[in-house]
Structures are given as structure tokens and as C-alpha cells.
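Here is a short report on one model. Please keep the sequence and the structure in view while reading.

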Amino acid sequence: MTTTVQTYDRKPLTPPGGHKKVLLHSCCAPCSGEVMEAMLASGIDYTIFFYNPNIHPEREYLLRKDENVRFAEQHGVPFVDADYDKDNWFARAKGMEWEPERGIRCTMCFDMRFERTALHAHEHGFPVMTSSLGISRWKNMAQINDCGQRAAGRYDGLSYWDFNWRKGGGAARMIEISKREEFYQQEYCGCVYSLRDTNQHRRSQGREPIELGTKFYGRDEEQGGG
Ligand code: SF4
């Protein structure tokens with residue numbers, strides 16, 4: 001791994017069991033930027049696992065993934081590009097189309113992503129898995145941790161690291177890094193239903209609907225939702 005890490009005042013991190021090898025499920029570059037740099041600063045040997053079949057449409061999926069690939073390459077971090085099996089995601093979301101964000105559709109969505117992450121960890125000798133999902137202020141961390149622990153619990157010797165990436169200045173560094181890198185700034189959680197609901201909310205406030213691929217951190221004032 002290269003060591004082009006910005007110097008920040010962070011406490012050293014210790015994954016569960018004192019392990020140094022971690023599989024990081026990443027949802028996007030803005031959320032994983034701080035998580036990645038914090039783990040590098042602690043000498044943790046990690047691989048990114050990008051499995052997010054929830055993201056719709058495909059153009060948005062590619063925008064988010066490509067940004068994450070670029071940042072991983074910049075830091076010399078291995079990146080596993082998993083399937084975009086969106087048909088399976090839609091099949092699992094059936095009947096939950098009108099559920100609110102943070103509800104049961106989101107539990108299904110986290111479960112699905114973490115189940116695949118846990119399988120990869122199990123098959124490739126990672127004793128610890130974690131995720132960048134919880135760093136976003138838009139997410140329910142307890143819900144994410146529950147899903148992560150459930151998925152890791154399927155395999156002996158695999159733990160879910162429920163570290164709170166927001167604390168100790170993590171949330172602020174997440175924004176700083178996103179601005180420094182001018183990351184693509186998504187304006188909705190990811191699925192077609194969150195896009196619909198966010199646009200509905202914007203319309204109710206007299207705002208224009210989301211235009212994909214147009215906002216970047218550091219170039220615009222408003223902070224979007226991931
Ligand atoms: S709102 Fe976000 S977490 Fe919930 S189902 Fe949609 S993409 Fe998944």
C-alpha cells in the first residue's frame with residue numbers, strides 16, 4: 001500500500017480481536033474516505049468490497065463506484081468490484097416499495113449487502129468486516145450494526161467491527177476529505193424509492209428534482225445525503 005495519507009489527529013484503531021486484516025464494505029467514496037484514511041493511519045491491512053445493487057439507476061451506480069475506485073487506486077488499496085445484481089435487490093424489496101427510509105426495506109438492503117460481504121470475508125480469510133455506511137448522519141447506526149452482526153454471525157471466526165466512524169472528529173474529516181477530493185456528491189440514499197421520495201420532498205419545497213452527475217463536494221455549498 002502507498003502512504004499518501006493526510007495527517008490528522010486520530011487515535012490508533014484496533015479492530016476486534018486485535019486483528020489487522022479487515023474487509024471494508026464501502027457504499028461510496030464520500031462515506032469511505034475517512035474510514036479508509038483512518039485505517040491506513042493505523043496500519044490496518046484492508047480490502048474494499050463494493051457491493052451495492054441497491055443503487056439506481058445504473059448511471060448513478062457507476063458514478064459512485066468509479067469515484068470509489070479512483071480513491072482506492074490513489075491509496076493503493078485493493079478493491080473488489082462485486083456484482084451489480086440489481087434484479088435480486090428488486091426481488092427482495094418487493095412489497096416494501098413504500099416503506100420509509102430507515103424502515104424494514106433498509107434493513108433488507110443492509111442485510112443483503114452485508115450477507116455478500118460476510119461470504120466474501122469467509123471465503124477469503126478476513127477475520128473482521130466493517131462498513132462505511134454508518135458514518136453518514138442520514139443513517140441509523142444501530143440498524144446498520146444489527147445487520148452487520150447478523151451477517152458476520154453466520155460464520156465462525158468472523159466479527160463485525162461496529163466502530164463509530166463519526167466520533168473523534170470522523171464526521172468532520174469525512175466532509176473535509178470529500179471536499180479535498182471533490183468527490184461526486186449523491187443527493188439521495190441510493191435506491192429508486194429513495195430517489196422518488198427525495199424528489200417528492202424537493203417538489204414540496206418548490207425545488208427542482210435531482211439531476212444526476214452534477215454535484216461535487218467543494219464546488220457547491222449544500223451537503224447532500226448518502
Ligand atoms: S433508502 Fe437506502 S438503505 Fe434504504 S433501501 Fe433504499 S438504498 Fe437501501
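## Terms and model

A residue is buried if 20 or more other C-beta atoms lie within 10 Å of its own, exposed if 12 or fewer, and partly exposed in between, with C-beta atoms placed from the backbone. Helices (H or I, at least four residues) and strands (E, at least two) are DSSP runs, numbered from the N terminus.

This is a predicted model: local features need pLDDT of at least 70, side-chain atom pairs count only at pLDDT 80 or more, and totals for chains, interfaces and linings use all residues. Residues are numbered from 1 along each chain as its sequence is written.

## The sheet

Five strands form an open sheet in the order β3-β2-β1-β4-β5, with parallel pairing. β3 (79-81) and β5 are the edge strands, each with a single partner strand, so one side of each has no neighbour in the sheet. Two strands pair if DSSP finds at least two bridges between them. Strand β2 (residues 45-50) and β3 are joined by three bridges and run parallel. There, I48 stands opposite F79 in β3.

β4 (residues 128-131) is covered on both faces. V128 and T130 are buried on one side, M129 and S131 on the other. In a regular strand the side chains alternate between the two faces of the sheet. Four bridges link β4 to strand β1 (residues 21-25) in the parallel sense, and L24 stands opposite T130. Strand β5 (residues 159-160) runs parallel to β4 and is joined to β4 by two bridges. M129 stands opposite Y160 in β5.

α6 (170-181) has 12 residues and reaches 16 Å from its first C-alpha to its last. That is close to the 16 Å expected at 1.5 Å a residue; the expected span is 1.5 Å times one less than the number of residues. Which residues of α6 are buried? They are R173, M174, I177 and S178. Seen down the helix axis, these buried residues fall within an arc of 135°, so they line one face of α6. The arc is that of the directions from the helix axis to the C-beta atoms. The cover over the buried residues of α6 includes α1 (29-41). Just after α6, E182 takes a positive phi of about 50°.

F183 lies in the loop between α6 and α7. F183 counts as buried because it has 26 C-beta neighbours inside 10 Å. Two residues are in contact if their C-beta atoms, placed from the backbone, lie within 7 Å. Leaving aside neighbours within four places in sequence, F183 is in contact with A29, P30, G33, E67, S178, F216 and Y217. F183 and G218 are 35 residues apart in sequence, yet 8.2 Å apart in space, C-alpha to C-alpha.

## Helix α7

The 13 residues of α7 should span 18 Å at 1.5 Å a residue, and the end C-alpha atoms are 18 Å apart, which agrees. Y193, S194 and L195 are the buried residues of α7. What covers them includes α4. G206 follows α7 and has a positive phi, near 75°.

## The ligand shell

The residues around the ligand are N54, E101, R105, C106, C109, C189, G190, C191, Y193 and S194. The elements giving two or more residues to this shell are α4 (104-123) and α7 (192-204). α4 gives the most, with three residues. A residue is near a molecule or strand if its C-beta atom, placed from the backbone, lies within 6 Å of it.
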